[in-house]
Structures are given as C-alpha cells and as structure tokens.
Amino acid sequence: MIKKTLAIMLSLILLLFIIQPSLAQQRGRIDHIIFIIQENHSFDNYFGTYPGANGFPAGIALPVSPKQDEWVFPFHLDIDQNVMLVGDELPPGISDPEQLEGNVSQPFHLSSESLGRDLSHSWQVAHLAYDNGKMDGFVYAEGSILTMGYYDRSDIPNYWSYADNFVLADNFFSSLMGPSFPNHLYIASGNNGPVDINASWVYEKGIINNVGDPTLSTLDLSWSTLAEQLSEANISWKWYDGNTNPLKPTIWNVLPLFDYFRKNPSELKDHVFNTASFISDIKNGSLPAVSWIIPGSWVPPDYPQVCKGISPSEHPPARSDCGMDYVTYLVNQVMQSNYWWSTAIIITWDDYGGFYDHVPPPQVDIYGLGFRVPTLIISPYAKHHYIDHTLYEFASFIKFVDVIFGLNPIYPRVIQSNDMLNAFNFSQEPLAPLILPDNFVGPSSNVQSPTTYPVHLLNIGILILIISIITILIAIFVRKHK
C-alpha cells in the first residue's frame, strides 16, 4: 500500500513538472520588455506589399495637381537615392483640397534606401492629407508624389524576415495625427498634455507639433510617465538614447522634459544612458525590466561603410537599410543572450513621416489616432508568422507594461487601449532566436523617376489596345469562316 501511495505521489509530482509550462502565468513568461523606436515611416511605406497584410488596395490612386491630369505608376527608388518630402502648403492657387480630385498618383516602389529629402508631417499637413477620412490628400499636402513611394523585401529584408517569423501588427496607429514630438510624449506617457501655454504648437492644452529650442529646453511637463510609475513600483527601467549627451532633451528624447525628472535629477542620472550601455547591460547581466531605445548618433561597431555618417533613425533622408542594420544589431544582442527567453522586443516608428497610408485612423479624441506605423513584436512567445489585426496605438505599449507588471493605467488613452497580448501565445513552444545579418546594404541602380502618364495618353493607349484586340478577333473569325 505504501509503495502504491509513493508511486502515485511520484507520478503526481512528475505530472506537475510536465504541465507547469502550460500553467505559467503571462507575467512569468515576460520579464523584460524592450521598445525600439525608429522614425518616420507609415505602414504602407514599409509593408504595403507584404503578403496577407492590410496593404495597398488594388488600383489605389490619389489626386496630384489641378493643372495636369496624370497618373503616377509604381516605381522603385534606388537604395542610395536621397528622398525628403517637404510641403506645408497647398500648390499655388489652391485653397480647397477638393479642387485637386481630378488628378491621381498611384503607389510606387522606392528604388532607393533614402528619399534624399524629408516629407512634411506636421499637424496641419497630416490633417490635409487625412481629408476628413478620405485619405486622398497626401500628394498635394506634401507637394510631392514621393509620398506614394514604398519599400519592400528587397530594401528592408530583415524587417520582412521578422514579420515572417514573429508578429506584424497591421492595425497599429500613431497616437496623434502629426509629427514626432507629441507622438514621443504618448510613447513615454500615453498623453500629450495638459500644458497651459498659448502657442501655435498647442491645441486645447495638448501639444500637437514639434517645438524647437530655446522653447523646448524650458518646457516643464507636469503629467506622469510610465518611467515614473515604474520607479514608484520599484521596477527596473532604463531609457537609452543614442546621442552623446542622453540627458539633453530633444523632441525624441522627451523624458528630461517632465517635471518629475526635473525635480528628481538623480532619477535621470540613474536611468538614462547612451545606447552603448544597452549592449554592456546585456553582456553584464543587468538588463532592466523595461527599456526604451531612442536613435541618435550612436551606431554599431560593424555599421556598414556606406552608412558612415548616416543617422540610424531612418528619418528621411537617412537610409532605411542603415537603420535596419542598427535595429538588427540591437535585436541580435538580445537573441544571442539568455535574456532572449524572457523578453519581448517591440519595434515601431514614431510617426508616418509624410508617407501615404490608406487606412483612415479612428478618431478617439481631438488629437487622434494618427496614421498607421509599422510595428513588429518579437519574442519566444510571439505568435509565429502572425499578422495581428488588433487595434493598437502607442498607449498600448504602456497598457502592455501595466498588464505584465501589474500596474494601474492612469490616462484615458491607456485605459481604453488594447494591451497587445493578442500578439502572444504563452503556451507555445518558445520560438528560437533569429540571428540576421546586420550589415545589409541595399542594391544600387540608376535613380528612376515615377512613370507618369497623362490621362489622355492613357485613354489613347487603352483605345489602341482595344482596337488591336478587335482586329485580332476579326482576323480569327474571318480565317475560321473562309
């Protein structure tokens, strides 16, 4: 009897060890969350042609100019062609976007890793592009057809490989329909105000546009951040900034602007470091529970020669392949360490950068949501080759951290947002690391221009095609009936 009892007890203990992984709490699976924040690309710009994703609709075309009825067809920019899109105003003589509906521009493949210029993405230009949800104002808002350009696997293969093996979120929106600064505020806090300032970059006490120095450096933002919450809960965190002085505030490095850190400078000194520290923290076994990585001048030691002197941020006119190599290097560091098995890495872009996206963002309040941005979720517990259609925004980052570490959401955006858990399957066999080359340089070729056809020439071409087909059919008919 005793032997039988012992056998049963041993069997139960063995069974407990076998089923324990499937009973693991979600919190126990993820001990480290890393947010890698890149810059200025819309979802369609990077993944508009990715199979299975909500990319470019067939035959999509946008109005270009009231003076020339023309269609711009897809084309591939050279990987090393610089592209920047700038245009805060409507074309001369145009006061109403409706005047531009007679002309169209279609998406084209950017054949260069760099636009060579920037695209305007201010609050005003973004709303002009949005056009009350019709999403047809991008070309005339930018004053350039380059807004319709896109990249694909040949340009950014590692990002597409991450999507092939982990999770691509194709319904992830920036938080505000505008530029970097307010969206970085949402990334850090889930909010963009209130500020009691009368300025053009403030709307209804919320920050809506970028702010330059000296004004930027004097800002004292009163609301709470996720970093502050983590400190109060004694949860480790670090904010890695790529600039030489990571304590200096910028429109991307927003943490030093908050009142809590101005009053507690030691909190900044203890938690804000150059990106090089991220690498050493992994090697030294001191990676915190939550990390943010903001691009700056820091680049990996094996940064490709062609990328020297080019920002890794991907902010046009910076090259997309160079930024991808920088991100890949960071991801590889995690994957080659023991941290991989307890980590979630989320790669995103801070705003649409002036590039076209076809999905009208839901308007949850007076500030947004903004246009879709690419977002990749990489983890041993991320669903394999999964396209997540769940509605997310930057506040979802904070909601995800809140859920994983048992914090209480503070602001309405965070409370209302989805927590990103749908991207994970905590009962699956952990996915293996995917070590990718971090020195990819895209193929160069002669710089191309969009193939542009006036509408009347298109009509002539179609007419010629129809006549040719009819002629062939008549010839076949006559031959059969001789």
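1. Let's start where helix H6 (residues 157-165) meets helix H13. In this predicted model, the two helices pack at an angle of about 45°, with their axes 9 Å apart. That angle makes H6 oblique to H13. To find the contact yourself, look for Pro157, Asn158, Tyr159 and Tyr162 on H6, and for Gly323, Met324, Val327, Thr328 and Val331 on H13. Sorted by class, these residues of the H6 and H13 contact are 6 nonpolar, 3 polar and no charged.

2. H13 has another partner to look at. Helix H12 (residues 276-284) packs against H13 at an angle of about 10°, and their axes are 10 Å apart. H12 and H13 are therefore roughly parallel to each other, since angles under 35 degrees count that way. On the H12 side, the contact uses Phe278, Ile279, Ile282 and Lys283, while H13 brings Tyr329, Leu330, Gln333 and Val334. The contact of H12 with H13 has 6 nonpolar residues, 1 polar and 1 charged.

3. Now take H13 by itself. It covers residues 320-335, which is 16 residues, and spans 22 Å from its first C-alpha to its last. That is close to the 22 Å expected at 1.5 Å a residue. How many of the residues of H13 are buried? The count is 16 of 16, and the helix is mostly covered.

4. H13 also takes part in a disulfide. A search of the whole structure finds 1 disulfide, and cysteine 307 and cysteine 322 form it, with their sulfur atoms 2.0 Å apart. Cysteine 307 lies in the loop between strand S10 (290-294) and H13, and cysteine 322 in H13, so the pair ties together parts that are 15 residues apart in sequence. With -85° about the S-S bond, the link is left-handed. Are these two cysteines buried or exposed? Both cysteine 307 and cysteine 322 are buried.

5. Please check two cis peptide bonds as well. One runs from proline 316 to proline 317, with omega near 15°. Proline 317 sits in the loop between S10 and H13. Another cis bond joins aspartate 213 to proline 214, with omega near 10°, and proline 214 is in the loop between strand S7 (206-207) and helix H8 (215-218).

6. Some backbone angles deserve a look too. In the loop between helix H4 (123-130) and helix H5 (138-142) you will find aspartate 131, whose phi is near 50°, a positive value in a residue other than glycine. Methionine 135 lies in the loop between H4 and H5 and has a positive phi of about 55°, although it is not a glycine. Aspartate 131 is buried, with a relative accessible area of 7%, and methionine 135 counts as buried at 3%.

7. Helix H7 (residues 180-189) is worth a visit. Because 10 of its 10 residues are buried, H7 is largely enclosed by the rest of the structure. Among them are Phe181, His184 and Tyr186. Just after H7, glycine 190 takes a positive phi of about 80°.

8. Finally, step back to the whole protein. There are 16 helices and 14 strands, and buried residues make up 58% of the 482 residues. Among contacts between residues at least 6 apart in sequence, 84% join residues at least 24 apart.

Key. Residues numbered from 1 in each chain as written. Predicted model: local features only at pLDDT ≥ 70, side-chain atom pairs only at ≥ 80, totals over all residues. Heavy atoms only, no water. Helix = DSSP H or I, 4+ residues; strand = E, 2+ residues; numbered from the N terminus. Expected span 1.5 Å × (residues − 1). Buried < 20%, exposed > 50% of the residue type's maximum accessible area, 1.4 Å probe, protein only. Disulfide = S-S within 2.5 Å. Axes fitted to C-alpha atoms, helices over the stretch in contact; angles between N-to-C directions. Parallel < 35°, antiparallel > 145°, perpendicular 65-115°, else oblique. Contact = heavy atoms within 4.5 Å. Nonpolar A, V, L, I, M, F, W, Y, C, P; charged D, E, K, R; others polar.
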